[in-house]
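Biologist: Let's walk through this model together. I will ask, and you answer step by step.

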Amino acid sequence: MTTFRIGEAAELLGVSADTVRRWVDAGRLAAGRDEHGHRAIDGVELAAFARGQAAEPDDRSGASSARNRLRGIVVNVVKDTVMAQVDIQAGPFRIVSLMSREAVDELDLRVGSLAVAVIKSTTVVVERASPSGASRGRQGS
């Protein structure tokens, strides 16, 4: 069974450790104690909580088959005569999109604009986190 300490859960949820502690104290998120007496959250419980915390789909999600929608702020726009690169910061995630300059101009995308990155892909690479990483779940029996 994978368990996460409060700080690890906070990083995965994109909130502070204090917020996770408040959720645990309020009974919104179940936590037990590990062998050292630290609070630990079961990975399955954390996944269910994260699903429940997910933002409601926006109004356009029903009109598209793409379900991966990340709302963020445009942090960089580089345009040449035909193509453009748009960087969006969505929470801790940086999304880079290459598109036509015409599309950038029509959408009036510029640094500071609010944007939604809609991702639809038949290839998604998933990697298992390394046990030696700084932020990882703990494997228990």
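**Charged pairs and paired strands**

Biologist: What relative accessible area does Asp105 have?

Modeller: Buried means under 20% relative accessible area, exposed means over 50%, and partly exposed lies in between (1.4 Å probe, protein chains only). Asp105 falls in the partly exposed class, because its relative accessible area is 40%.

Biologist: What should I know about the model itself?

Modeller: It is predicted: local features need pLDDT of at least 70, side-chain atom pairs count only at pLDDT 80 or more, and totals for chains, interfaces and linings use all residues. Residues are numbered from 1 along each chain as its sequence is written, and side-chain values use heavy atoms, leaving out hydrogens and water.

Biologist: Which residue forms a salt bridge with Asp105?

Modeller: Opposite charges can pair when their charged atoms come close. A salt bridge here is a side-chain nitrogen of Lys or Arg within 4 Å of a carboxyl oxygen of Asp or Glu. For Asp105, the closest N and O atoms are 2.9 Å apart, and the partner is Lys79.

Biologist: How many residues apart are Asp105 and Lys79?

Modeller: Helices (H or I, at least four residues) and strands (E, at least two) are DSSP runs, numbered from the N terminus. Asp105 sits in helix α4 (residues 101–107) and Lys79 in strand β4 (residues 68–79). The pair links distant parts of the chain, and the separation is 26 residues.

Biologist: How many salt bridges does the whole structure hold?

Modeller: One of them joins Arg5 and Asp34 (3.8 Å, N to O). Arg5 lies in strand β1, and Asp34 in the loop between β2 and β3. A search of the whole structure gives a total of seven.

Biologist: Which residue forms a salt bridge with Arg94?

Modeller: Arg94 is exposed, because its relative accessible area is 54%. The closest N and O atoms of the bridge are 2.9 Å apart, and the partner is Asp87.

Biologist: How many bridges join β1 to β3?

Modeller: Two strands pair if DSSP finds at least two bridges between them. β1 and β3 run antiparallel, and Thr3 stands opposite Asp42 in β3. The number of bridges joining β1 to β3 is three.

Biologist: Which residue in the hairpin of β2 and β3 takes a positive phi?

Modeller: β2 and β3 pair in the antiparallel sense over two bridges. Five residues lie between the strands. The phi is near 85°, and the residue is Gly37.
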